[in-house]
Amino acid sequence: MKYTNKHCEEKLYMQAKNESESDVEYLRRAFIFHLTYSLSKDEYSAVDRDFYTSLAYAVRDRLTEKWINTQQSYYNNDVKRVYYLSLEFLMGRTLGNSIVNLKLTDGVGKMFSEVKHDVEEIIETEWDAGLGNGGLGRLAACFLDSMATLRIPAYGYGIRYEFGIFFQKIIDGAQHETPDNWLRLGNPWEFERPEFMYPVLYYGNVNQYVDANGRLQHDWVNTQEVMAAAYDTPVPGYNNETVNTLRLWSAKASREFDFQYFNDGDYAKAVSDKAQSETISKVLYPNDNIFEGQELRLKQEYFFVSATLQDIIRRYKKGHKDFTQFHKKVAIQLNDTHPAFAIPELMRIFVDIEKLDWDEAWDITTQTFAYTNHTVLPEALEKWSVSLIGMVLPRHLQIIYEINHRFIEYISDKFPGEISRLSRMSIIEEGDVKKVRMALLSIIGSHSVNGVSALHSEILKHEVFKDFFDIWPERFNNKTNGITPRRWLKLCNPGLSRLITENIGEGWEADLERLKKLIKVSKNKSFQNQWHQVKQENKQRLANYIKNNNGIDVNIDSIFDCHIKRIHEYKRQLLNVLQVIHRYNRIKCRDTKGMAPRTIMFAGKAAPGYYIAKLIIKLINSVAEVINNDKEVSDFLKVVFVANYSVSLAEKIIPAADLSEQISTAGTEASGTGNMKFALNGALTIGTLDGANIEIKDNVGDENIFIFGMNELEVSHLKHSDYNPLNYYNNNPELKQVLEMIANGYFSKHDQYLFMPLVDSLLIHGDKYMVLADFASYIECQKHVDKAFLDQDKWRRMSILNTANMGVFSSDRTIKEYADDIWGVKPV
């Protein structure tokens, strides 16, 4: 490929791709054009970032015409549209995913091979769009991919955070956070839409008056205004003509600066209001343990739902004169309670601005919204203080009180005299600090409430929201989460994808149930060997990464045992650490009969203010330092903490994994999707009967998964039977030894009591997540893992069968269920 100007004439480039033109020829032409005219570079001055940007523009160009046609078709057909509201979208890198969905992988590879550039290195240049904390945001990204692939008319709405989830550095074994300035080099995938800018109001007060028709009116006045500016990213479906939109809002000052302050010479004050306004979209929401943080997060939540609803109504009004058809043309899905202020906001728009009667407005509102719950942990159910809402959003507080008043009247009529029921079901939680329970607002204001795994949905119906299920059983349903096979197999594991296609043909990428055809070849020795070879190649790539970033040599013939997820006590990384120390002790005692060599990998971020979680990270690294420097155990055990876990890092680890750790306390994990990603790539699961682990077990078969520990009913029974962790500590000498090593400073020579808070959390403070109760079962189950791995024929067949039976966990299946059962939308 020559970088010559004859390829760069605008009239040559700007025509659409010729039918006779190959993908390579088109990409070459577009790439050179953008390198020359968009970036003003040539082959002598260009660096990898320029090659990435030029390629991104070239691929983006292929999306643009499809994107315009898709949006126009939605208008022409006046279709019902889905609006997926999420405070987080953990998109990862866009280039590789777009290349896969446009089926340009071979074309891009050939084009760069001509000039001897490594396309993988160029794709690696892209910075992750880390606009989320974990599974919630990644699920939203998978759903966008599936909605486009299924040709569902849909839009994602969120916030364009200037700084995403923090960059994690490990210094002396401890987590340190630095800003994730993902936009500092620009983002070639987004299109700024200055024509779509909306005012978002805060503070002020509400004037009430009766108009000439005797109707009570409310004017929200003396407000502060922030502008929401739209930035669009195209979301292509796989191998089709659909390109949907992710619209993210960025906060802008309503004016650049105050001229009065400027003229008075106070230049800092002149721009301070601008800076304060734009803080709203500056950073992915902070910890909510201080008042200022709470206020910023509240403003973020309202900011994006206010702008989104203005945008939805603008679009709706282009084809409709009144709101009688609104719920028939608009479906709004709330991804957890973060967007729940959309309910009172839509009521405010309908009642205060559009002058609808309350009952008509409420009927339309409840038929428009649907709510997905993502947690059963009481401390994770979002609540806002009444006083804070009253200060920041005074009109919305009035509307919430009115919604609650009418609902409580309904419950009082239905259950006369049941005061405790009224207290449990009221949106307003009484106490020293009155609070608004956002989950209850979401249930009352929606026509559908869904959990994200079968177990999770049953817990919602019969425990967490039982009172609401009793009165509205028809609203509650399950939609087990899923993952997109385009990113989580075809993109991240090209070797395995090719092997699968060679044996069962194409089409599985958009119909994952076709993987069941692998069952027929699962016993074939030649196929097993090819399967194993792909795994070894993936393990070698990961081993190289670990060597380069951690300085640790790992054995690719060992079990790659992976525990990668957000660091939280309920996810029980601490249980795994106890197992690691127990295994270390066995090796030191030369009790290695039946033991397979292991490389145990951890990755994940702890919330900056979550002390215990950060101490767990420190413990993992301290244990790793001792083990990795002990030559007596090096043939059997290595421990690695891989820093700065992200979507892109997951794409390296998951294809290489042999074992997937999914060991949360039964009844605490809503679903999990990491478990699905690992199993799809042939890793075997060791886990509890929690979240989607249960459904994975049901699909892959009991003989192809390693299950241990108590189930949800047993956990609940033990919890209500005065669980005493000291009984387990005193009756299990191996467990006692492990905890004493931690407590006595074996892994913290310079600070003997460094890890005592972790030991105390287990022995003194009640072991909330029952780590000690499940320890013995976990250790025994790990022995079964060793035994299975040492029988490689058996292990390889188990691995193949895991992949073969993962079809049901495609996010395409999940989205089809949402479309059919909740949204009532059809493909376009």
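**Close-up views of a predicted model**

**View 1. Helix H7 meets helix H34.** Cys142, Phe143, Ser146, Met147 and Thr149 of H7 contact Ser811, Asp812, Thr814, Ile815, Tyr818 and Trp823 of H34 (contact: heavy atoms within 4.5 Å). By class, this H7–H34 contact holds six nonpolar, four polar and one charged residues (nonpolar: Ala, Val, Leu, Ile, Met, Phe, Trp, Tyr, Cys and Pro; charged: Asp, Glu, Lys and Arg; polar: the others, Gly among them). H7 spans residues 135-149 and H34 residues 811-823; their axes lie 9 Å apart at an angle of about 75°. H7 is therefore roughly perpendicular to H34 (65 to 115 degrees). Axes are lines fitted to C-alpha atoms, for helices over the stretch in contact; angles run from 0 to 180 degrees between N-to-C directions. Helices (H or I, at least four residues) and strands (E, at least two) are DSSP runs, numbered from the N terminus.

The model is predicted: local features need pLDDT of at least 70, side-chain atom pairs pLDDT 80 or more, while totals for chains, interfaces and linings use all residues. Residues are numbered from 1 along each chain as its sequence is written, and side-chain values use heavy atoms, without hydrogens and water.

**View 2. An open sheet of six strands.** The order is E21-E20-E19-E22-E23-E24, with parallel pairing (at least two DSSP bridges between two strands). E21 (637-641) and E24 (706-707) are the edge strands; each has a single partner strand, so one side of each lacks a neighbour in the sheet.

**View 3. Strands E22 and E23, with helix H33.** E22 (residues 659-662) pairs with E23 (residues 684-687) in the parallel sense over four bridges. Leu659 stands opposite Leu684 in E23. Helix H33 (residues 792-804) packs on the sheet and touches E22, E23 and E24. The direction of H33 makes about 85° with that of E23.

Conventions:
Parallel < 35°, antiparallel > 145°, perpendicular 65-115°, else oblique.
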